[in-house]
Amino acid sequence: MDIMRNAGNRCQKALSGYVHTPPTNLCRMKKVCNVYSGSALLQDEGLVARIVEAVVGAVEVPVTLKIRTGWNRNNRNGVRIARIAEDAGIAALAVHGRTRADLYQGEAEYETIAAIRQAIRIPLLANGDIDSPQKAAAVLKATGADAVMIGRAAQGRPWIFREIAHYLASGEILAAPSALAVRDILVGHLEDLYSFHGELAGVRIARKHLGWYARDRAENAAFRSVVNGTDCAQTQLRLTRDYFDRLADSQPLAA
Ligand SMILES: Cc1cc2nc3c(=O)[nH]c(=O)nc-3n(C[C@H](O)[C@H](O)[C@H](O)COP(=O)(O)O)c2cc1C
């Protein structure tokens, strides 16, 4: 428990505002589950309570928690874990609509999230397979959640958040960003990666993002093979600009 308290304290210092970190993040990564933390903890509700209480008690900022719906489909204890979290003082709860055993297979189910909504009063974020404004609206309606959390659909498409916000506010679909708008967002993202990670690590980390941004776009494969060949930030930026400039000249981009 001391480790959890210390981890909470370190997070509080690192992130001003709130704590949402691996210590209170009951996820399914093998490296986490194999040491009996993350979503493996969902099997031991008493331990979840002690850990969450320890972290909440160790920091002065709000602590949020993310869980799956249970350990496996026969043990969907998400409602009980959610009550434990609320009783321990967790400020908001995010729920991925799959069990730990589901990994990413099948489709997320939202019934358990809806049941959790009925069981607790703290803000609830629904998560899993939300990839469009319409899906976000449908999940909010089906679950009664206060918000949605987006993972994979934001990879290479960070404007999905404003698309969803616009749709929820107006019922209308925002036009897809132009190639030049995508270029500018991506260039800003690359520059942030270089400045945060340093040039070499930044260029390498950027490759997967470049692939996501160019996914489903013309000449994606050719672009990736050229842009992945460099370890130089300036070259990566130039190739990226050239690619999107060419796309802008030739055709509008579909979302
Ligand atoms: C690259 C990547 C990293 C992730 N890292 C974490 C993590 O550290 N902790 C966690 O609880 N979930 C993590 N997830 C899971 C997501 O938060 C989310 O629950 C899951 O992807 C389902 O949402 P989605 O369908 O919107 O992607 C990660 C997902 C991806 C794609």
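Strand β1 is mostly covered, since four of its five residues are buried. A residue is called buried if 20 or more other C-beta atoms lie within 10 Å of its own, exposed if 12 or fewer do, and partly exposed in between, with C-beta atoms placed from the backbone. Helices (H or I, at least four residues) and strands (E, at least two) are DSSP runs, numbered from the N terminus.

The structure is a predicted model, in which local features need pLDDT of at least 70 and side-chain atom pairs count only at pLDDT 80 or more, while totals for chains, interfaces and linings use all residues. Residues are numbered from 1 along each chain as its sequence is written.

## Overall composition and confidence

The protein contains eleven helices and four strands. Of its 255 residues, 33% are buried. Two residues are in contact if their C-beta atoms, placed from the backbone, lie within 7 Å. Among the contacts with a separation of 6 or more, 64% are made by residues 24 or more positions apart.

The predictor's confidence in each residue is expressed as pLDDT, from 0 to 100. The average for the protein is 89, and 86% of the residues score at least 70. Over residues 31-35, however, the pLDDT is below 50, and this stretch has eight contacts in the model beyond near neighbours in sequence. Where pLDDT is low, the predicted coordinates should not be read in detail.

## The sheet

Strands of a sheet pair through backbone hydrogen bonds, either parallel or antiparallel. Here, four strands form an open sheet in the order β1-β2-β3-β4, with parallel pairing. Its edge strands are β1 (64-68) and β4 (147-149), each of which pairs on one side only. Two strands are said to pair if DSSP finds at least two bridges between them. Neighbouring strands of the sheet are turned against each other by 25° on average, direction ignored.

Strands β1 and β2 run parallel and are joined by five bridges. Within this pair, I67 stands opposite V95 of β2, and R68 has H96 of β2 as its bridge partner. Strand β2 (residues 92-96) has four buried residues out of five, so it is largely enclosed by the rest of the structure.

## Packing of helices α9 and α11

Two packed helices are described by the angle between their axes and the distance between the axes. Helix α9 (residues 199-214) and helix α11 (residues 233-250) pack at an angle of about 25°, with their axes 9 Å apart. The angle makes α9 roughly parallel to α11. Axes are lines fitted to C-alpha atoms, for helices over the stretch in contact, and angles run from 0 to 180 degrees between N-to-C directions. Angles under 35 degrees count as roughly parallel, over 145 as roughly antiparallel, 65 to 115 as roughly perpendicular and the rest as oblique.

On the α9 side, the contact is made by E199, G202, V203, A206 and L210, and on the α11 side by A233, Q236 and T240. By class, the residues of this contact are four nonpolar, three polar and one charged. In this classification Ala, Val, Leu, Ile, Met, Phe, Trp, Tyr, Cys and Pro are nonpolar, Asp, Glu, Lys and Arg are charged, and the others, Gly among them, are polar.

## Selected exposed residues

D231 is found in the loop between α10 (220-227) and α11. This residue counts as exposed because D231 has 11 C-beta neighbours inside 10 Å. Leaving aside neighbours within four places in sequence, D231 is in contact with L200 and V203. Its C-alpha atom is 8.9 Å from that of A201, although D231 and A201 are 30 residues apart along the chain.

G188 belongs to helix α8 (residues 179-197). With 10 C-beta neighbours inside 10 Å, G188 counts as exposed. The C-alpha atoms of G188 and L237 are separated by 9.8 Å, and the two residues are 49 residues apart along the chain.

## Residues with positive phi

L103, a residue other than glycine, has a positive phi near 50°. L103 is placed in the loop between β2 and α5 (111-119). With 10 other C-beta atoms within 10 Å, L103 is exposed.

D216 also is not a glycine, yet its phi is positive at about 65°. D216 lies in the loop between α9 and α10. D216 counts as exposed because it has 10 C-beta neighbours inside 10 Å.
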